[in-house]
Amino acid sequence: MTNPSLLILAGDGIGPEVMAEVRKIIDWYGTRRGVSFDVSEDLVGGCAYDKHGTPLHDDTMAKAQEVDAVLLGAVGGPKYDNLDFSVKPERGLLRLRKEMDLYANLRPAQCFDALADFSSLKKDVVAGLDIMIVRELTSGVYFGEPRGIFKEGNERVGINTQRYTESEIERVARSAFELARKRSNKLCSMEKANVMESGVLWREVVQRIGDTEYPDVELSHMYADAGAMQLTRWPKQFDVIVTDNLFGDLLSDLAAMLTGSLGMLPSASLGAPMANGRPKALYEPVHGSAPDIAGQGKANPIACVLSFAMALRYSFDMGAEADRLEKAVEKVLADGLRTADLMGPEGGAPVTTSQMGDAIVTALDASL
Ligand code: NAD
Ligand code: IPM
Ligand code: MN
């Protein structure tokens, strides 16, 4: 049997730094568990622009379409902020999502016990938190036409269009309902049906899919602004949340802070099954390239490590190994290891990115 294939696109800023720690874990699985991956590496984002004049070369796009899973670090940085929109680093990532048709973006927010004191919210509010945001990822205002900056009389106008078809809503709703069934059978859908027609359609379609295909799942609807408020007031009322591309982007950053740091949140972007039955998939931390700390050994690699755990679970049917890796992360946190982002204002002695990666590998060793 051939090894599963993995394309690593480390990207910019802290992307390569956190990915180096994931490489240690991939190597550990090869040497200690006999689970080897065919790993290839390529460029995405600003580094691809520097080399090729485009944030995603066509050859890289083609490779991404062929592998079993893509693992991405982060893209972007101040150096590229003034580039033309068509070649900005972020466009490389958006192209991957769109052309791989990765419509369901799973963004779990889990508060590890060891970090419950660290969240900016009260311990009671976040302890034991385990929610899953399902963000639609290939449509909505991110991709709707018309878009652009146009001249209108004497001034310019910036336009983006929120657009959802019924089938786009149906497929992401099904992903969310399926996840809800595997968890606690509860789904909350968020939009702004009070002001947006696309929200009216969203609510109607999600309700119909629920009534006809998932009557056993308890479905509720909430306006996304109220949802943001409820997520900070009492997040444990939620289990699975399904929402559109833009609201999902905002709500998942918000949810990240419930867990203590943006450096903790992984994600899986999944599409339709390929010929081998595995979903098209890209795994990446929710955070960005963090230019403010890049190159200093300060980045928390856990979001990227947990993204690899999601790959084990969703692409490679290795749920038990994903559990092992998540438990290893839990153990290093319980042992008190903290990267700088997980230190309170009182400070302390943070570990470096690399020390955190090494500690996770040691915890994996101890799990055998
Ligand atoms: P960011 O997520 O890069 O950083 C926000 C804050 O969180 C910063 O203070 C940063 O230091 C901190 N942070 C983020 N990840 C961390 C980690 N692993 N460990 C410790 N601290 C961490 O968001 P931003 O500053 O708004 O954006 C910077 C660049 O990244 C922009 O170019 C943006 O477009 C891009 N971006 C890319 C992605 C992605 O590649 N998926 C996601 C978000 C932002
Ligand atoms: C994310 C990021 C991206 C988004 C950017 C970098 C294109 O913020 O993955 O959350 O807006 O989707
Ligand atoms: Mn985001």
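Which strands does helix α8 lie across? In this predicted model, helix α8 (residues 224–233) lies across β8 (186–191), β9 and β10 (240–243). Its direction is about 105° to that of β9. Let us start from the sheet those strands belong to and then visit some helices.

**The sheet**

The sheet is open and is formed by 10 strands, in the order β2-β1-β3-β12-β11-β4-β5-β10-β8-β9. Its pairing is mixed. Strands β2 (38–42) and β9 (218–223) stand at the edges; each has a single partner strand, so one side of each is left without a neighbour in the sheet. On average, neighbouring strands are turned by 20° against each other, direction ignored.

As a general point, strands of a sheet pair through backbone hydrogen bonds, in either a parallel or an antiparallel way. Here, strand β1 (residues 5–11) and strand β3 (residues 69–74) run parallel and are joined by five bridges. One detail to look for is L6, whose bridge partner in β3 is A69.

**Helices across the sheet**

| Helix | Strands it lies across | Angle |
|---|---|---|
| α8 (residues 224–233) | β8 (186–191), β9, β10 (240–243) | about 105° to β9 |

**A buried leucine**

Is L96 buried or exposed? L96, which has its place in helix α4 (residues 89–99), counts as buried because it has 24 C-beta neighbours inside 10 Å, and 20 or more are enough for that. Leaving aside neighbours within four places in sequence, L96 is in contact with L56, A64, V70 and L282. Of these, A64 is 32 residues apart from L96 in sequence, while their C-alpha atoms are 7.7 Å apart in space.

Finally, turn to helix α6 (residues 166–182) and helix α7 (residues 197–213). Their axes come within 9 Å and cross at roughly 50°, which makes α6 oblique to α7. The crossing is right-handed.

Which residues meet there? From α6 come E166, I169, E170, A173, R174 and F177, and from α7 come L201, W202, V205, V206, I209, G210 and E213. By class, this contact has eight nonpolar, one polar and four charged residues.

Note on methods:
Residues numbered from 1 in each chain as written. Chains lettered and ligands numbered in written order. Predicted model: local features only at pLDDT ≥ 70, side-chain atom pairs only at ≥ 80, totals over all residues. Pairing = 2+ DSSP bridges. Helix = DSSP H or I, 4+ residues; strand = E, 2+ residues; numbered from the N terminus. Axes fitted to C-alpha atoms, helices over the stretch in contact; angles between N-to-C directions. Contact = placed C-beta atoms within 7 Å. Buried ≥ 20, exposed ≤ 12 C-beta atoms within 10 Å, placed from the backbone. Parallel < 35°, antiparallel > 145°, perpendicular 65-115°, else oblique. Left-handed = near helix turned anticlockwise from the far one by under 90°. Nonpolar A, V, L, I, M, F, W, Y, C, P; charged D, E, K, R; others polar.
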